[in-house]
Amino acid sequence: MPEFDTIDDLPADSRVLVRLDLNSPIEDGSPQDNRRFERHTETVRELAAAGHRVVLMAHQGRPGRDDFTSLAGHAELLADHVDRDVAFVDDTYGDEALDAIDAIDAGEVLLLENTRMCEDELPEAEPEAKAETEFVRTLAPHFDAYVNDAYSAAHRKHASLVGFPLALPAYAGRVMETEYEANTAIATREFDGPVTMVVGGTKATDVIGVMDALDDRVDRFLLGGVAGELFLRAAGHPVGHDVGEMDLFDEQWERNRELIESVLDERGDAIHLASDLAYEGPDGERAEVAVDDIDEKETGFLDVGAATVDDYRPLIRESDGVFVKGALGVFEDERFADGTVGALAAIAETDCFSVVGGGDTSRAIEMYGLSEDEFSHVSIAGGAYIRALTGEPLPAVEVLEAAARRAGN
Ligand SMILES: Nc1ncnc2c1ncn2[C@@H]1O[C@H](COP(=O)(O)OP(=O)(O)O)[C@@H](O)[C@H]1O
Ligand SMILES: O=C(OP(=O)(O)O)[C@H](O)COP(=O)(O)O
């Protein structure tokens with residue numbers, strides 16, 4: 001169980017500074033709606049309805065990148081979700097921000113500008129140093145409490161995440177609570193039957209690290225995506241190579257080759273590889289080939305094949321816990337969605353404990369008409385989910401726990 005205080009412990013009529021993670025895909029300068037808005041709604045609504053004065057902080061992108069934008073559009077999107085006004089001030093901790101903060105009434109909600117527009121936010125440093133920044137020292141006195149709901153950014157040692165909990169009584173929001181509990185379940189929950197991990201996506205380096213770290217906690221790994229092809233390559237098949245313009249495979253292969261070979265050697269019995277793969281045929285149609293029949297490395301594969309889905313489905317159905325990290329194919333293209341959707345549908349049909357993580361993979365749920373309710377948890381975290389699975393501490397969670405100990409709870 002987490003050892004932090006939650007918003008249930010917040011004193012009445014507080015002025016609360018709340019950290020959300022609204023980091024989103026940006027198109028034509030505007031944030032695109034996604035699960036993060038919907039999920040944070042619960043915390044924001046609850047705090048406002050309880051009569052607290054609610055000031056929100058969040059980030060978008062990183063300086064120098066295309067997705068580094070103002071949060072003005074985020075305020076509008078969030079207002080649609082929480083169904084109440086969300087005021088916005090384009091300042092982080094200057095006079096304009098402080099005036100707006102001091103002016104809000106009980107039950108009102110205000111969003112401050114992108115925390116990463118403030119110089120003190122980004123450089124990673126220990127919480128004690130972050131608590132001493134001008135950003136934290138200026139804002140904190142205007143509040144009674146700090147709430148962190150940004151689980152998906154909790155692996156970052158940024159001022160808004162680790163500095164404020166040293167300066168103010170600190171609590172976890174609803175997203176922080178539910179993400180923490182579900183994502184650590186692989187280590188903390190008792191399972192009566194096999195635990196299965198579905199492993200795919202493009203970030204092979206990350207997921208191979210997870211496989212290595214989880215070792216004996218997972219009974220079987222069902223592979224697809226880029227990692228799946230790299231394991232097939234290690235097993236001697238001519239797949240998992242960059243073809244044409246691609247640069248997904250060779251660099252990750254060089255980086256992970258030894259680890260892949262040792263994981264395959266030590267956990268080979270637990271690792272299930274695709275027996276067939278799908279590619280784009282000459283007329284643009286989906287075509288499939290058995291892995292044993294592939295004899296040259298000239299085809300780019302985009303999904304696992306139908307026989308592989310038939311192999312994986314019963315393994316999922318007999319599991320007591322299933323954790324998903326990464327898609328089994330390029331599901332955004334309907335022709336190559338069968339692997340990902342087949343695995344998700346099999347999970348949805350069982351009553352096992354299931355967690356689907358990763359922003360991209362979880363999008364397949366709504367794209368293909370599956371219901372989020374069929375899964376125990378659909379995580380809105382990417383990097384933080386990976387760290388939780390491998391048991392790595394999350395600095396922003398650690399400071400919440402330290403704050404609860406200081407408060408004597
Ligand atoms: N064989 C493949 N080749 C290229 N891309 C793939 C392949 N299989 C899966 N993908 C891509 O992986 C992406 C999801 O991977 P990743 O970003 O690692 O996961 P997440 O964001 O869910 O953590 C999907 O967008 C999908 O198109
Ligand atoms: O979107 C996020 O993480 P994710 O890409 O791992 O899901 C968080 O907002 C952290 O953002 P960052 O990776 O720019 O520090």
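Which residue forms a salt bridge with Arg 363, and how far apart are the closest N and O atoms? In this predicted model, the partner turns out to be Asp 360, with the closest N and O atoms 3.2 Å apart. Both residues sit in helix H14, which runs over residues 359–367, and they are three residues apart, or about one turn of the helix. Neither end of the pair is hidden away: Arg 363 comes out as partly exposed at 34% relative accessibility, and Asp 360 is partly exposed too, with a relative accessible area of 43%.

Taken along the principal axes, the C-alpha atoms fill a box of roughly 70 × 45 × 35 Å. As for burial, 54% of the 409 residues count as buried.

Back to the charges. Side chains of opposite charge can pair when their charged atoms come close. In this structure, 25 salt bridges turn up. One of them joins Glu 126 to Lys 157, where the closest N and O atoms are 2.8 Å apart. Glu 126 lies in the loop between strand E6 (109–112) and helix H4 (127–131), while Lys 157 lies in the loop between strand E7 (145–148) and helix H6 (159–167), so this bridge ties together parts that are 31 residues apart in sequence. Glu 126 has a relative accessible area of 44%, which makes it partly exposed, and Lys 157 also counts as partly exposed, at 24%.

Another bridge links Glu 132 with Arg 137, the closest N and O atoms being 2.7 Å apart. Here Arg 137 is exposed, at 52% relative accessible area; the cut-off for that label is over 50%. Salt bridges also connect into a network, one that takes in Arg 35, Arg 39, Glu 179, Glu 366 and Glu 372.

With 60% relative accessibility, Asp 80 counts as exposed.

Definitions and conventions:
Residues numbered from 1 in each chain as written. Chains lettered and ligands numbered in written order. Predicted model: local features only at pLDDT ≥ 70, side-chain atom pairs only at ≥ 80, totals over all residues. Heavy atoms only, no water. Buried < 20%, exposed > 50% of the residue type's maximum accessible area, 1.4 Å probe, protein only. Salt bridge = Lys/Arg side-chain N within 4 Å of Asp/Glu carboxyl O. Helix = DSSP H or I, 4+ residues; strand = E, 2+ residues; numbered from the N terminus.
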